[in-house]
2 protein chains.
Amino acid sequence: MPKRGLPKKIRQKLLLETIAEDPFLNDEELAERFNVSVQTIRLDRMELKLPELRERIRAVAQDSYAKVKSIDVSEIVGELVDLELDKRGISILETNNNMTFGKTKVIRGDIIFAQANSLAIATIDAKVALTGVANIKYKLPVYAGQKLVAKAEVTRVRGNKKFVFVRTYVKQKEVFRGKFILASLEDSIEAEE
Amino acid sequence: MPKRGLPKKIRQKLLLETIAEDPFLNDEELAERFNVSVQTIRLDRMELKLPELRERIRAVAQDSYAKVKSIDVSEIVGELVDLELDKRGISILETNNNMTFGKTKVIRGDIIFAQANSLAIATIDAKVALTGVANIKYKLPVYAGQKLVAKAEVTRVRGNKKFVFVRTYVKQKEVFRGKFILASLEDSIEAEE
């Protein structure tokens, strides 16, 4: 963790590296990580000509949505920010109070599942993809306001079955993982037994 | 499958048995099963003093909701119609077009998951219950308009971990099954690693 008082040159170099590694950190998160004010991060970004998070997302998102074949893009839970069909995909979900269980203030498990599942489907190169099996694990509770970054990877293809591994992070800590087996279908919509 | 032309006495006897076994069949489903008109089923119910499905559900539901401890009842996806804490629970979800993937007209997997997951949580005798792990299988596609009957059974308790097996049916055919491991918590809301 960098300490306050890092020379500006070094901080800006680390900032570039950090954003290259995780392009989905916003200014508040970057400020926290570098232990400086949000204003300092904004000035750094201006000097480095790095667009703000929203712009960074918009640029990659437009491209990603155009590739999706297997699902109506409006049905993807979260914002799709990267996609290479049959390889990998990334989506971001900004959580809020409407997504919590009132009793715990923890984000509902079905919301986290829906983001991962719809991302897994979007990642498949087929006109239609249905979920057959999922093994999922919730590792840490997620609270309203936290940003969920889901990363899907197609790990295996066997006939019309595609295995997709989705890991979901909050600030680069894994909070959820799910292994999905999807059936890709072109003509029929009958799932296998 | 009973054939048309069953004597009324026998049909009414079978009707009583059928509803005792599956109280969540509506008149249309009963008519189909007995190969008679919906009107005939209504007359049978009147003679037998059997309330209609909505009334049968309402009677058991009031009782069930009063028992729930682990979740705000408004957060249960579907209608809770039976509950014995730490033993079993049943919920019903009437599906509609808003719950489908537009591409396939199949009910979204996350909806079926949310019904099962929230039922599993409701079944737990604890102030708070969080989902840790779930292994789920979608067995048959579900179409808008079909009624999902989810049945949860608590199969094992180990410390604060409770194992809940949920099977979801459409017209007594299993369409989904999920094994959930929930952590019941009284004071803390930290999930285990």
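1. A quick term before we start: helices here are DSSP runs of H or I with at least four residues, numbered from the N terminus. With that in hand, look at A:Glu17 and A:Lys13, which both sit in helix H1 of chain A. They are 4 residues apart, or about one turn of the helix. Their side chains meet in a salt bridge, with 3.2 Å from N to O. Keep in mind while reading that this is a predicted model.

2. Now step back to chain A as a whole. Its secondary structure comes to 5 helices and 8 strands. If you walk along the sequence, the pattern reads α-α-α-α-β-β-β-β-α-β-β-β-β. Taken along the principal axes, the C-alpha atoms of chain A fill a box of roughly 60 × 40 × 25 Å.

3. Back to H1, this time with a partner helix. Two packed helices are described by the angle between their axes and the distance between the axes. For helix H1 (residues 8–21) and helix H3 (residues 38–48) of chain A, the axes come within 11 Å and cross at roughly 80 degrees. Angles of 65 to 115 degrees count as roughly perpendicular, so H1(A) is roughly perpendicular to H3(A).

4. Which residues do the touching here? On the H1(A) side they are A:Lys8, A:Arg11, A:Gln12, A:Leu15 and A:Leu16. They meet A:Thr40, A:Ile41, A:Asp44, A:Glu47 and A:Leu48 in H3(A). Sorted by class, this contact has 4 nonpolar, 2 polar and 4 charged residues.

5. Next, the interface between the chains. Here 39 residues of chain B are in contact with 39 residues of chain A. The two chains bury about 3200 Å² between them, and 58% of that is on carbon and sulfur atoms.

6. What about specific pairs across that interface? The rule finds 0 salt bridges between chain B and chain A, but it does find 6 residue pairs in polar contact, both residues at pLDDT 80 or more.

7. Where does the chain B side come from? Strand E3 (100–101), helix H5 (109–123) and strand E5 (128–138) of chain B each supply at least two residues of the side that touches chain A. The largest share, 10 residues, comes from E5(B). By class, this side of chain B has 18 nonpolar, 9 polar and 12 charged residues.

Note on methods:
Residues numbered from 1 in each chain as written. Chains lettered and ligands numbered in written order. Predicted model: local features only at pLDDT ≥ 70, side-chain atom pairs only at ≥ 80, totals over all residues. Heavy atoms only, no water. Axes fitted to C-alpha atoms, helices over the stretch in contact; angles between N-to-C directions. Parallel < 35°, antiparallel > 145°, perpendicular 65-115°, else oblique. Contact = heavy atoms within 4.5 Å. Nonpolar A, V, L, I, M, F, W, Y, C, P; charged D, E, K, R; others polar. Buried area = accessible area lost by both parts, 1.4 Å probe. Salt bridge = Lys/Arg side-chain N within 4 Å of Asp/Glu carboxyl O. Polar contact = N/O pair within 3.5 Å; in protein donor to acceptor, adjacent residues only side chain to side chain.
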